Amino acid sequence: MTTLDEEIRGARPARQRTSLLLAAAVTIPGLALRLLGAHLPHPAEAALFGLAIVGAAFLLSWAAEVAQLDISAGLAIAVLALIAVLPEYAVGFVFAREGGNAVQAFGSSCHAPGVSGSSACSLALANMTGANRLLIGVGWSMVVFVAWHRSRKRGMAIREVRLDRRHAVELSFLALATIYSLTLPLRSQIGLIDAFVLVAIFAAYSVRLSRAPAEDPHLVGPAAYIATFTRARRRSVIAAMFVAAAVVILLCAEQFADALVATGRQLDVSEFLLVQWLAPLASEAPELLVAGLYAWRLNTDAALGTLVSSKVNQWTLLVGTLPIVFAVSLGGFHGLPIDPQVREELLLTSAQSILGVAVLATLSISTGEAAALFGLFWAQFAIGAMVPQSAHGVVLVGLSIAYLLLGAGILVRDRGRLPGLLRDGLRTPYAELTSSE
């Protein structure tokens, strides 16, 4: 594994400057469209605002990585976890706020003006479920496949990716959040009590991580290049990147969300599916790219660990804050309604997380297990294309059962692993977790 100094020395200034400029450049058309108040066909608006969010997400990701050189470990955990998923939050918050405003204006209806078909509340949860399922179904699997392909070319063919024992912390809190999430499809709403529980899990997770010993971050690409700057210049550049990216996301998130919905209506495509998959693809791109680069360099612990940490953040803080935004917009204490079409989506997302936790209870994931996660993720689309829309819910429930049965089978096969994982993750001092590596 390369050291921080080696990563910094390996930075290629010309290439990395080009990457930084490109990320900044793709934000300009969407930002200009927003500031000028101009209008284009809805698909074009969705593309430009989406590209702006992608560019801003890359800037956020690189700035957050380098910021770990200059702030304390505890502060890094609390702040960087939020920053990393700001794009997902922005889109989800838009729909949660619109849902709250709609209920306040029209009573029991969660349909915001201009939103037909799926309600704004459903679209808030669509963005969340899509982002969570992409991380496991595509992200975790990608790390294994890239590492296998890269190592095979070097004549060693890695068929299993392992995590250091210290990652038991992330997996333990993911297990707690996942177990709790199984109750959500049984509800008519995600209430403020649910929000309290999930945010409390995230807070406990942050406190637990804050006790970890300081260590050098793994830097790749533009992040490694920025790390070569003097401390004063580096901090100035990081601050500028944070501010610029946040401004772009805050100005473009609502327009991106509205343009996606309008595009769905115009093209007669489900706006639920567009929000569920296109919006997370835009916001998840930097994390997936960084994890892919780590895997390409065979730094599989950093690659998979990054995505597991992101899953914890989304499954706790993102899910927990959506009903809070809804309640604030509503001006009351009512939870975020769960429409019938979303119930199966929540069940499938929870079931996939169960399988993911079961697989990683051994702190490893094989190529076969990665193939199962990848195949089940795409099965929703393959089967869904062959059955009528009226049977879509049955497909989701069937896939949920498949996830749960596979997860139960793995836990039975590896019985005794989960208690040890939870003990390490929740109680074992970090010194012991790192000393055994």
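**Exercise 1.** In this predicted model, determine over which ring the charged end of arginine 233 sits, and do likewise for lysine 311.

*Solution.* Step 1: The charged end of arginine 233 lies over the ring of phenylalanine 229, at 3.8 Å from the ring centre.

**Exercise 2.** State how many aromatic pairs a search of the whole structure finds, and classify the pair of phenylalanine 58 and tryptophan 62.

*Solution.* Step 1: The search finds 11 aromatic pairs. Step 2: The ring centres of phenylalanine 58 and tryptophan 62 are 5.5 Å apart and the planes meet at 40 degrees, so this pair is tilted. Step 3: Both residues belong to helix H4 (residues 42–67), where they are 4 residues apart, about one turn of the helix. Step 4: Phenylalanine 58 and tryptophan 62 are both buried.

**Exercise 3.** Classify the pair of phenylalanine 145 and phenylalanine 374, and locate both residues in the chain.

*Solution.* Step 1: The centres of these two rings are 5.7 Å apart and the planes stand at 85 degrees; angles over 60 degrees count as edge-to-face, and therefore the pair is edge-to-face. Step 2: Phenylalanine 145 is in helix H7 (residues 120–153) and phenylalanine 374 in helix H15 (residues 367–384), so the pair links distant parts of the chain, 229 residues apart. Step 3: Phenylalanine 145 has 29% relative accessibility and counts as partly exposed; phenylalanine 374, at 32%, is partly exposed too.

**Exercise 4.** Which residues do ring pairs link into a cluster with Phe145?

*Solution.* The cluster joins Phe145 with Trp277, Phe374, Phe377, Trp378 and Phe381.

Technical notes
Residues numbered from 1 in each chain as written. Predicted model: local features only at pLDDT ≥ 70, side-chain atom pairs only at ≥ 80, totals over all residues. Heavy atoms only, no water. Phe/Tyr/Trp six-rings, centres within 6.5 Å; stacked < 30°, edge-to-face > 60°. Helix = DSSP H or I, 4+ residues; strand = E, 2+ residues; numbered from the N terminus. Buried < 20%, exposed > 50% of the residue type's maximum accessible area, 1.4 Å probe, protein only. Lys NZ or Arg CZ within 6 Å of the ring centre and 35° of its normal.
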